[in-house]
Amino acid sequence: MTMHLSSWMEDVQGYLERTGMRPVKYYHQLGVLSPNVVLAHMVNLDDEEVELVLQTGVKIAHCPTTAGCSATA
(Lines give C-alpha, C1' and ligand atoms only; values in the text may rest on other atoms or scores of the structure.)
Protein backbone atom coordinates (compact mmCIF):
# COMPACT_ATOMS: atom_id res chain seq x y z
CA MET A 1 0.00 0.00 0.00
CA THR A 2 1.26 3.48 -0.81
CA MET A 3 0.00 6.74 0.65
CA HIS A 4 1.15 10.31 1.09
CA LEU A 5 1.67 11.21 4.74
CA SER A 6 3.15 14.14 6.67
CA SER A 7 4.07 16.03 3.53
CA TRP A 8 2.95 19.34 5.03
CA MET A 9 2.72 20.55 8.63
CA GLU A 10 -0.95 21.29 7.93
CA ASP A 11 -1.45 17.54 7.38
CA VAL A 12 0.11 16.81 10.77
CA GLN A 13 -2.04 19.49 12.44
CA GLY A 14 -5.16 17.98 10.88
CA TYR A 15 -4.36 14.55 12.33
CA LEU A 16 -3.66 16.09 15.73
CA GLU A 17 -7.00 17.92 15.66
CA ARG A 18 -9.04 14.90 14.47
CA THR A 19 -7.33 12.05 16.31
CA GLY A 20 -5.16 13.58 19.01
CA MET A 21 -2.17 11.83 17.42
CA ARG A 22 0.46 12.54 14.83
CA PRO A 23 -0.10 10.64 11.54
CA VAL A 24 2.44 7.80 11.88
CA LYS A 25 1.38 7.09 15.46
CA TYR A 26 -2.27 7.05 14.38
CA TYR A 27 -1.63 4.51 11.62
CA HIS A 28 0.54 2.45 13.94
CA GLN A 29 -2.33 2.27 16.44
CA LEU A 30 -4.62 1.05 13.63
CA GLY A 31 -2.11 -1.69 12.77
CA VAL A 32 -1.56 -0.37 9.24
CA LEU A 33 2.22 0.04 9.31
CA SER A 34 4.24 -2.89 7.94
CA PRO A 35 7.06 -3.65 5.50
CA ASN A 36 4.41 -3.71 2.73
CA VAL A 37 3.64 0.00 3.21
CA VAL A 38 5.33 2.84 1.31
CA LEU A 39 4.79 6.34 2.70
CA ALA A 40 5.49 9.17 0.28
CA HIS A 41 7.32 12.37 1.22
CA MET A 42 7.37 12.10 5.04
CA VAL A 43 9.25 15.33 5.79
CA ASN A 44 7.42 16.27 9.01
CA LEU A 45 8.15 13.46 11.48
CA ASP A 46 9.00 13.67 15.14
CA ASP A 47 11.46 11.29 16.86
CA GLU A 48 8.71 8.88 17.97
CA GLU A 49 7.41 8.60 14.41
CA VAL A 50 10.90 7.90 13.07
CA GLU A 51 11.22 5.06 15.60
CA LEU A 52 7.83 3.62 14.57
CA VAL A 53 8.86 3.69 10.91
CA LEU A 54 12.10 1.87 11.77
CA GLN A 55 10.37 -0.69 14.02
CA THR A 56 7.65 -1.56 11.51
CA GLY A 57 9.82 -1.72 8.40
CA VAL A 58 7.76 0.88 6.54
CA LYS A 59 9.41 2.15 3.36
CA ILE A 60 9.65 5.85 2.52
CA ALA A 61 9.68 7.34 -0.97
CA HIS A 62 10.77 10.95 -1.12
CA CYS A 63 10.78 13.49 -3.93
CA PRO A 64 12.30 16.68 -2.43
CA THR A 65 11.12 18.94 -5.23
CA THR A 66 7.45 18.12 -4.61
CA ALA A 67 7.25 17.59 -0.84
CA GLY A 68 6.19 20.35 1.53
CA CYS A 69 9.62 20.97 2.94
CA SER A 70 8.53 22.98 5.96
CA ALA A 71 10.43 22.81 9.22
CA THR A 72 10.02 19.49 11.01
CA ALA A 73 8.24 19.41 14.32
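Guide: Let's start with a word we'll need a lot: buried means under 20% relative accessible area, exposed means over 50%, and partly exposed is in between, using a 1.4 Å probe and protein chains only. Helices (H or I, at least four residues) and strands (E, at least two) are DSSP runs, numbered from the N terminus. In α2, P23, V24 and Y27 are buried.
Guide: What you see is a predicted model, where local features need pLDDT of at least 70, side-chain atom pairs count only at pLDDT 80 or more, and totals for chains, interfaces and linings use all residues. Residues are numbered from 1 along each chain as its sequence is written, and side-chain values use heavy atoms, with hydrogens and water left out.

Visitor: How do you know that the buried residues of α3 line one face of the helix?
Guide: In α3, the buried residues are E49, L52, V53 and T56. Seen down the axis of α3, they fall within an arc of 100°, so they line one face of the helix. They pack against α2 and β3. The face turned away from the buried side carries the exposed residues D47, L54 and Q55.

Visitor: Why is L54 called exposed?
Guide: L54 has a relative accessible area of 60%, so it passes the cut-off and counts as exposed. L54 belongs to helix α3, and its C-alpha atom is 9.8 Å from that of P35, which is 19 residues away along the chain.

Visitor: What makes D46 a cap for α3?
Guide: A polar contact is a pair of N or O atoms within 3.5 Å; within protein, one must be able to donate a hydrogen and the other to accept it, and residues adjacent in sequence count only if both atoms are side-chain atoms. A side-chain oxygen of D46 lies 3.2 Å from the backbone nitrogen of E48, at the N-terminal end of α3. After α3 comes G57, whose phi is positive, near 75°.

Visitor: Why is N44 called buried?
Guide: N44 has 0% relative accessibility, so it counts as buried. N44 is in the loop between β2 and α3. Its side chain reaches the backbone oxygen of S6 at 3.2 Å and the backbone oxygen of S7 at 3.3 Å.

Visitor: And what about V43, buried or exposed?
Guide: At 16% relative accessibility, V43 counts as buried. V43 and S6 are 37 residues apart in sequence, yet 6.3 Å apart in space, C-alpha to C-alpha.

Visitor: What stands out about the phi of S6?
Guide: Most residues other than glycine have a negative phi. S6 isn't a glycine, and its phi is positive, near 60°. S6 sits in the loop between β1 and α1 (9–19), and at 1% relative accessibility S6 is buried. H41 isn't a glycine either, and has a positive phi of about 80°. H41 lies in strand β2 and is buried too, at 10%.

Visitor: How do you know which strands pair?
Guide: Two strands pair if DSSP finds at least two bridges between them. β1 (residues 2–5) and β2 (residues 38–41) are joined by four bridges and run parallel, so by the definition they pair. L5 stands opposite H41 in β2. Three bridges join β2 to β3 (residues 59–61), also parallel, so these two pair as well. Here L39 has I60 as its bridge partner in β3.

Visitor: What makes a group of residues a nonpolar core?
Guide: It is a set of buried Ala, Val, Leu, Ile, Met, Phe, Trp, Tyr and Cys residues joined through side-chain atoms within 4.5 Å. The largest one here has 13 residues, and those with the most contacts inside it include L5, V24, Y27 and L39. The elements giving two or more residues to this core are β1, α2 (23–30) and α3.

Key:
Arc of directions from axis to C-beta. Contact = heavy atoms within 4.5 Å.
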